[in-house]
Amino acid sequence: MALWEFCYIAFGVIDMFIVLVEPITDQLCRKKKILLFLYLMISLPVFRFLFPALATYIILVITFIVIFFMVGKKLSLVCLLLFNYLLSIVLTYFALFVLDFFWGITEQDTLTEYYLPYNLFVTVLFIISSYGIRQIYNFFIGNHTKLPTVSGLFTLIYLLVCTILFVYNYTYEEALGFSQEVVRFNTVLFILFFSITGVFIALLVYFLRRNARIQAQLMQYETLQRYTAQVEELYQSIRGFKHDYLNILTTMDLYMKEKDWDALVRYYEQEILPTSHSIQDSSLALGQLSNLQIPELKSILYNKFIKALELGIDVQLEIRKPITSISAKNVDIARVMGIYLDNAIEALQELDTDCRKLRVAIFEDGEAVTLVVQNDCKELPLNIRKLGTISYSTKGENRGMGLHLADQTLRRYKNILKDTTYKGQAFTQKLTIYDKEVARRVIHLHM
């Protein structure tokens, strides 16, 4: 085997790994990345030797199927990889076009004479483009825009057809001996076709995001309606209690004036004591949500609290002063709090009924808004530093994705400090959201 042929295969494995793994590197643990690399390193030369004409198709199909199950059957991520693969083909042709146009280097020359600098240049292009694609996906789609099944299948089929055409075109060109006229034609054709595909996907994402916003607004409206009804019911309960309280005082006053102490004791044990227990109902904690004037956050807290109360969990909420705004996107913080509360409720369900306590506090000190979620849990061999990584979870295999997604969301903010503690079988998640004007100074002191 000639040196250029070895480089062609070696860089083929590296480039394929970059194009198909870098855009979703946040979704894969180290073990899965290593397995994918080993698979590509073995399959690429083997399939090209056994099935020269179909090798690329076979490798891509198997790779996409494996990745589909590795990332939790998410069509959006598979579509992302197909799109990035198409982009890699366009960039390859663009590099060939530039070399031919400025220096007269043909594609055949790049394979035999300039293989090392050419492959290094293309690999750098792939690294930059794949990283850029990942950042764009996380910013515009990420975990806050769900791709419907029908739209996902349509997009997947469209990208698969494009990939088949691109690969077939390259194979046909290789059979013609890399004619420069064909290279120039394919470069223009691929760039045009890819641009149309990019516009199509951009429009799809735009409509999906708009639909997601509308659905979120409707959900918030419905949640706030339920919350308003709950507050009104709570207000009526308080009015009823006020009326009963006056009656209690009147009756006690009568017993004391008559100095009928035995009747007073019986009245206390039979009437007042049961009432005191009913006052301690956890649902009264929902009344403090009126101090939270951030609809997205209020909505998610209300829904999670109702779920917790239905499961027999004692909810303790503390919001003593009105909270009107936070220095972050309301939707992002609501999503993170939703994940924390889901995990807390799940952990509390494993405890005895009388030990189920969920404590939430939100307060502001002038420079920052602090959100605290605390729950009791079973004694676990917990490694706090590893929480939030895909490969680590106390729930077993293929679990713990929620905390990872929460950490990915928080990494976009330099003005948020997260503190996780586990002490005395109490697990606490604390977010401190600083005002952006003081964030740099405060976070610098904590580093």
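Predicted model: local features only at pLDDT ≥ 70, side-chain atom pairs only at ≥ 80, totals over all residues.
Residues are numbered from 1 along each chain as its sequence is written. Local features require pLDDT of at least 70 and side-chain atom pairs count only at pLDDT 80 or more, whereas totals for chains, interfaces and linings use all residues; side-chain values rest on heavy atoms, with hydrogens and water left out.

A pair of aromatic rings is described by the distance of the centres and the angle of the planes. Eleven aromatic pairs are found in the structure, where rings of Phe, Tyr and Trp (its six-membered ring) pair if their centres lie within 6.5 Å, and planes under 30 degrees apart count as stacked, over 60 as edge-to-face and the rest as tilted. For Tyr93 and Phe190, the ring centres are 4.9 Å apart and the planes stand at 90 degrees, so this pair is edge-to-face. Because Tyr93 belongs to helix 4 (residues 75-103) and Phe190 to helix 8 (residues 180-257), the pair ties together parts that are 97 residues apart in sequence. Helices (H or I, at least four residues) and strands (E, at least two) are DSSP runs, numbered from the N terminus. Tyr93 and Phe190 are both buried, a term for under 20% relative accessible area, with exposed meaning over 50% and partly exposed in between (1.4 Å probe, protein chains only). Ring pairs also link Tyr93 and Phe190 with Phe166 and Phe193 into a cluster.

The rings of Phe154 and Phe200 are likewise edge-to-face, since their centres lie 6.0 Å apart and their planes at 65 degrees. Phe154 is located in helix 7 (residues 149-175) and Phe200 in helix 8, so this pair ties together parts that are 46 residues apart in sequence. Phe154 is exposed, at a relative accessible area of 51%, while Phe200 is partly exposed, at 26%.

Five strands make up an open sheet of mixed pairing, in the order 1-2-3-5-4; two strands pair if DSSP finds at least two bridges between them. Strand 2 (residues 357-364) pairs with strand 3 (residues 368-376) in the antiparallel sense over seven bridges. Within strand 3, Leu371 is the bridge partner of Ile362.
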